[in-house]
Structures are given as structure tokens and as C-alpha cells.
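Please read the following report alongside the sequence and the coordinates. It covers domains, core, sheet and ligand shell in turn.

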Amino acid sequence: MKLAVIGTGYVGLVTGACFSSLGNQVVCVDKDPKRVALLKKGRVPFYEPGLPELVAKNTKAGRLKFTRKLAGAVSSAEVVFIAVGTPSRSNGQADVSAVIEVAKEISGVMKKLRHGHKVIVNKSTVPVGMGDIVSKILVENKVPKNNFSVVSNPEFLREGSAIGDFMRPDRVVIGADNSQAFNIITDLYRPLNAHIIFTSIKSAELIKYASNAFLATKISFINEIANICERVGSDISEVANAVGLDKRIGRHFLNAGLGYGGSCLPKDVSALVHLSRENGHEPMLLSAVREVNEFQIDAFIGKIIKKLGNLRSKNIAVLGLAFKPETDDMREAPSIKVVQALIKKGARVSAYDPAAAPNASRLIKEAKLVKDMFTAIEGADALVVLTEWPEFVEIDLERVKKALKSPLIFDGRNIYDRGRVEDAGLEYVGVGR
Ligand SMILES: NC(=O)c1ccc[n+]([C@@H]2O[C@H](COP(=O)([O-])OP(=O)(O)OC[C@H]3O[C@@H](n4cnc5c(N)ncnc54)[C@H](O)[C@@H]3O)[C@@H](O)[C@H]2O)c1
């Protein structure tokens, strides 16, 4: 099929590259000229394992193209994916202005076309009702009703494993109001042999928010239990392992630590809280999920201050800045608040992250960003781990002990075994242990 994908962020570029590798002709559109120029040179503007290779292979095969010009891409496409950002406004509401802008641009192109049906697929995470708004924009801009269908097809990929998640999804949700549109999108996904679920547009829109809110709830739940563990002498890792073996619960997303961050969970929980309030229901559980998440960072900073006392003139080594491993995404990363708090209290912070340093340098200007782990650790008064990158898990603890000025580790992600750390002669402070 001929596809246009609007937006070449994590979702749009992965969608475009994956659908092209399944044999479709894909044109990816972005309004950011720098981004398009990079992509045209074969460079991927963010860190995502496997994506540069996939983009290169399909570009070379002539199935994947990049442009700033939406009109050409849309006029020849049978299916148009909208995959632009929907960040949080200051009141928590999802900012859908980019989706609206794109819908208007698509209308401008489609009203000039005499015939040809197109399916407009919303892949961005949007509040319930956005499908109707997109339809309304098209109709108001004189696109004949019979010439388009609007579909909601939320994306569940995770940064860091985005290609695998796209190609082997747990499910594909297709929210449509007619079987013709449903069949077209089902045909596109057929090669994946995925479990396809047909819903109304409004259910599909809510499924995405409900999924992310549940994941955030699991994280805040286990953090709540971790806080109880610390006070009663239990170990959250032992508790989570056993609780997670119950098939009704599952082990995923039961890792206690600094809480959730990133470009999706915080904004999607906030957007759902806003949507719920706007529609007359006070979301009690979701408000608590957010409160626990904020508490985790404050409590962790509190532990560092309690142990080190006055932070003025203390050198602190930080390992990990990205909100999770295998990404360079710094959006809502807990590291931002932790590092800023340490610096505000007078500490000097030397930080290392395998991928996120360029993005982090714009957000935490006062920290010194170094190029390897031990440059950060050498001579520091404490080591603070904020992201669970595999290379930090495998670090030589004996060497860490020798390099640190005082042998102290604050493990914000519970990646180390207390026994191993203590055997190496280091003092250990984790979360819920
Ligand atoms: N990042 C994730 O892991 C993830 C996972 C699932 C769903 N989502 C959702 O998918 C959507 C996109 O997320 P993302 O992380 O890929 O966003 P992103 O911010 O990384 O990328 C969005 C891209 O859209 C482009 N854009 C904005 N307005 C445009 C316009 N008018 N015309 C053309 N291009 C335009 C931007 O320049 C940018 O390159 C969001 O709604 C997000 O919630 C994200």
C-alpha cells in the first residue's frame, strides 16, 4: 500500500520504517527541516537500537522516503498516519494542537482531489473524542464525507525496543466506525500475525490511556509497598518477585525505584486525570498514583542528604540520566529533578550516560557530563545510580570501591545486590530494601 506518515519521532519513524520493511511504499513527513535533512542523509535523529539499519535498508530499496512537503505525500497515499507529539499543557491536558494542524493540512490537500478514498489513522495518543474532531475538521474544510474514514490505531511500542514491539505486538487496536476502513488497516497489519482487536474509535482512544495508566499504577503500587518495606524491615525485591509470580499480577512493572518518567506515562496519566475531571469524575486512584511518583524522587533525594549531611563542596558521581535504558530520551526523566536538587544543595555533580548526554546537556546545564563511568566516579563522595543501563549493572564493584573517596552507593533503581555491594566494601542505600 501507499502510506504517508506525518511526524518522524519515535512513533512515526518506527511506523514508517517497519511498514516499509513489510513491502509498503512509505513517505514520512516532518515539518522540522533539520530532522528531514538528517533522515535524507540516512541518519536517525535519536537513539533507537536497530532503527538506523532498518531505515537505511528500506531507503536503499526505494520503499522509504522523507520530505517536508505534506501535500505530495498525502495526495498519493491510501492511508495517512498522524504520529505527531501530544505533550502536556501546564494543567495536565493533552496539547493536541499538532494533530489539529495536521488534520487541517490534510483537509487542504484532500479537498482539491476529485476522487479517491483515504483512511486517516491517528497513532498519536489523544483524548477521547479526537477522532470526531479530526472528522469534523475534514468536513468543515469541504472534504466530501465519502472520501475519507478516520481510524484510531494507538501505538504501544516502548523506546529502546521499539522495532520488536512494533513487529511483534501483544495486540493491535483498530478503532473504526466502518468495516471498510477496518479491513484496510487490518490488511496492513496482516503480515505481523498479530492479535487484532476491532473497537469503536472512542474505545481505542481510551485503551491507550488506560494501558499507560495501569502501568503507572503498577509502578506506584510497588513503590508504595517499597516504602512500607523500608519501615518494617522487608526487602521489596523479594516481595516483588514472589508477588509477581502470581499470574493474575505478573512481574512486569513491579520494580521499585525512582518511579516512572519518560514521554508517555507522566503525560498520559495527567491527560487521563484531566479528561476524567472534565467529564465530572474525580479520579481518586490516578491522583494517588501521581502523588506516589513524586514522593519517590523527594524521598530518594532526602536519603542522600541525610547520609551525606551538608552537600556543599561534595562531589557526587551520577550514572544514568535517560528516563530508562536503551534510549536517549530525557523527557520527564527523574534524573533531572535529582541532579538539580543535588546541585541546588551545593554539590558538584559529574554524570555519565551512554546515550542521553547530548539531550541532558540542554536540561541540566550545571552538571559536568563525562564520557565514561569511572571519570565520573573517580574521587567522588558517593555514587548515585539513576538509570538501569546494563553496563552499570555489570560494573566492577571492587574498582568502584577503589575509585570513590568514600565508599557509598545510592541505588535509585535497585540494580545491585546488597550482599555483593557490601562484600566489595561499599555501603549500600537502595529503595525499599
Ligand atoms: N515515544 C513513545 O514511546 C510513544 C509510544 C506510544 C505512543 N506515543 C505517542 O505517539 C505520539 C508521538 O510521539 P513521539 O514520541 O514519536 O513524538 P516526538 O515528539 O518524538 O515526534 C513528533 C514529531 O512530529 C513532528 N511534527 C509536529 N507537528 C508536525 C506537523 N504539523 N507536521 C509534520 N510533522 C510535525 C515533530 O517535528 C516531531 O519530529 C504522541 O502522541 C505520543 O504520546 C509515543
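## Domains and their contact

The model is predicted: local features need pLDDT of at least 70, side-chain atom pairs count only at pLDDT 80 or more, and totals for chains, interfaces and linings use all residues. Residue numbers start from 1 along each chain as its sequence is written.

## Nonpolar core

The largest nonpolar core holds 135 residues, of which A4, I6, V80, V318, L319, L383 and V384 touch the most other members. A nonpolar core is a set of buried Ala, Val, Leu, Ile, Met, Phe, Trp, Tyr and Cys residues joined through C-beta atoms within 7 Å. Buried means that 20 or more other C-beta atoms lie within 10 Å of the residue's own; with 12 or fewer it is exposed, and in between partly exposed, all C-beta atoms being placed from the backbone. Helix α9 (residues 201-232) gives the most to this core, with ten residues. Helices (H or I, at least four residues) and strands (E, at least two) are DSSP runs, numbered from the N terminus. Each of domain 1 and domain 2 supplies at least three residues to this core.

Beyond its neighbours within four places in sequence, V80 is in contact with A4, I6, V74, I106, K118, I120 and V121. A213 has its place in helix α9 and counts as buried because it has 21 C-beta neighbours inside 10 Å.

L321, in the loop between β9 and α13 (334-344), is buried because 30 C-beta neighbours lie inside 10 Å. Outside four places in sequence, its contacts include M330, A351, D353 and L386.

Two C-alpha to C-alpha separations are tabulated below.

| Pair | Apart in sequence | C-alpha distance |
|---|---|---|
| A213 and S361 | 148 residues | 30 Å |
| L321 and K34 | 287 residues | 25 Å |

## The six-stranded sheet

An open sheet of six strands runs in the order β11-β10-β9-β12-β13-β14, with parallel pairing. Its edge strands, β11 (368-369) and β14 (427-429), each pair on one side only. Two strands pair if DSSP finds at least two bridges between them.

In strand β9 (residues 315-319), five of five residues are buried. N315, A317 and L319 lie on one side, I316 and V318 on the other, and both faces are covered. β9 pairs with strand β10 (residues 348-352) in the parallel sense over five bridges, and I316 has V349 as its bridge partner in β10. β10 and β11 pair in the parallel sense over two bridges, with K368 of β11 as the partner of S350.

## Ligand shell

Around the ligand are 26 residues, and G7, G9, G85, S124 and T125 come nearest. A residue belongs here if its C-beta atom, placed from the backbone, lies within 6 Å of the molecule. The elements giving two or more residues to this shell are α1 (10-21) and α5 (97-110). By class, the shell has ten nonpolar, nine polar and seven charged residues.

Key. Ala, Val, Leu, Ile, Met, Phe, Trp, Tyr, Cys and Pro count as nonpolar, Asp, Glu, Lys and Arg as charged, and the others, Gly among them, as polar. Domain bounds come from an automatic or database domain assignment. Two residues are in contact if their C-beta atoms, placed from the backbone, lie within 7 Å.
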